[in-house]
Amino acid sequence: MKKIYTILAMACVVATANAQKAKISQAENALILGKIDQAQELIDAAIQNEKSSVMPMTYVIAAKVASKKAVNGDSIAFAKVGEYMAKAEELDATGDAKGKGIGKAKKDITKAYQVIYEDYANAGAKFWELKNFNFAYQSFMNAANAHSKFAEGYTEAMDSVLILNAGIAAMQTSSWDRCVTCFTKTFEMDYDGSLSIQRVVYAYQQMNDTINTEKALKAGFEKYPQEKNILLQLIQHYLNANKNNEALVYLNEAIERDGNNAQYYFARGCLNEKIEMENAIADYNKALSIDANHYSSLYNLAIVYFNKGQDFRAKASDTKDDKEYNEYMKQAAEALQVSKPYIEKAVNAATTTELKIDALKTMKTICYQVDPEDKDGKWTWANNELKNLQ
């Protein structure tokens, strides 16, 4: 009699387990039919049940249900998807109480990740259109994570577009730490060229993180030494921090790599203005020897000589010696005469209306200093040009 009782007890256990499996299947069928609330109710019951709560498939289906809810804007469900899939993987790796059934749900878990990937990839685009950038970010990142779980020979580079989109979505909400994470990954994957590291730099700048801004700029320069914007940003960073020697090191290295780049000489000229003015003048002229229409070098030379003229005039005002006064005024006139052709060329070299307006305003000031009576008509010409542009 005892033996019969044991057999009956075992049959009862099997029946109970089968009943729970049936509920899991019912939840999956409800999900397939789009009855998400019903699927949620069934799978919640399965999670609460002692028998089915240790079945990997319970959490696979729970994750699928959460995925459908997440892509419809359920913020709680976003977190649940990963939680459920992690639980399914954990149970599948350990098996039952006797250590049996290990790996039995692996195929179902892999297929679930593929479904979740597709859900999230589509949701990312949908939320972007709706301008719900927080959900767009989460969707793109979750899609990339799910893809890594089933794609054969997976590498992050396979999801470079998703990660880039996630970073751009994060920018829309000023989530700068998220931006750093995403754009650092795209930089490491060499996706979107130097723009990725420039986005990292921008994010760190918004966070006022000067240490990591410098590290990112240096990493960008090492990887893209020919990228002008990175170099100029690195130099500007050092200039802002009054680290002139560091800036000069990078400029000299850049010039060694590409000695025919007018922009590099111009940048070094800007730096040398803080160190040695004559070296700055030499650098600007070197830039012009490479590109005769280099606007910035023309403009800066005009300003350099204009300021020299002003300095000589100030010295003339301070002296009580007539001879010194006359000498200073002569030097002032000579400096201003040198300044004038540079600003005229800068006006012609301007590539945008804004730059041209700036050059014309400066030209008026210099022309008045050189020729207060406007005998050559240059001041009048500049003034008329300004009226036409403004």
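Two residues are in contact here when heavy atoms of theirs lie within 4.5 Å. Keep that in mind for the views below, which come from a predicted model.

**View 1. Leu231 and its neighbours in the largest nonpolar core.** Start with Leu231, which touches Phe221, Tyr250, Leu251, Ala254 and Tyr264, leaving out residues up to four places away in sequence. Leu231 belongs to the largest nonpolar core, a set of 81 residues. Together with Tyr120, Leu231 has the most contacts inside that core. There's also a second, separate core, made of 27 residues, including Phe306, Tyr342, Val347 and Ala382.

**View 2. Gln369 tucked into helix 17.** Helix 17 covers residues 353–370, and Gln369 is part of it. Is Gln369 buried or exposed? With a relative accessible area of 18%, Gln369 is buried, because the cut-off for buried is under 20%. If you skip the neighbours within four places in sequence, you'll find Gln369 in contact with Phe306, Gln310, Arg313 and Leu336.

**View 3. The second largest pocket.** This pocket holds about 190 Å³ of space. Which helices give two or more residues to its lining? They're helix 9 (195–206), helix 10 (210–223) and helix 11 (228–240). Helix 11 supplies the largest share, 4 residues. Look for Tyr204, Asn208, Thr213, Gln233 and His237 among the lining residues. Sorted by class, the lining has 8 polar, 2 nonpolar and 1 charged residues.

**View 4. Arg268 and Asp283, a buried salt bridge.** The structure holds 13 salt bridges, and here's one of them: the side chains of Arg268 and Asp283 meet at 2.9 Å, N to O. Arg268 sits in helix 13 (residues 262–272) and Asp283 in helix 14 (residues 277–290), so the pair ties together parts that are 15 residues apart in sequence. Both partners are buried.

**View 5. Glu156 and Lys185, a salt bridge from loop to helix.** In this pair, the side chains meet at 3.7 Å, N to O. Glu156 is in the loop between helix 6 (133–148) and helix 7 (160–172), while Lys185 is in helix 8 (residues 176–188). The pair links distant parts of the chain, 29 residues apart. Glu156 is partly exposed, at 34% relative accessible area, and Lys185 is partly exposed too, at 23%.

**View 6. Asp74 and Lys69, another salt bridge.** The side chains of Asp74 and Lys69 come together at 4.0 Å, N to O. Asp74 is partly exposed, with a relative accessible area of 25%. Lys69 also counts as partly exposed, at 23%.

Notes
Residues numbered from 1 in each chain as written. Predicted model: local features only at pLDDT ≥ 70, side-chain atom pairs only at ≥ 80, totals over all residues. Heavy atoms only, no water. Core = buried A, V, L, I, M, F, W, Y, C linked by side-chain atoms within 4.5 Å. Buried < 20%, exposed > 50% of the residue type's maximum accessible area, 1.4 Å probe, protein only. 1 Å grid on protein atoms, 1.4 Å probe; cavity = no way out; pocket = protein on both sides within 12 Å on 5 of 7 lines; lining within 4 Å. Points joined across faces, edges and corners; volume = space filled by probe spheres on them. Nonpolar A, V, L, I, M, F, W, Y, C, P; charged D, E, K, R; others polar.
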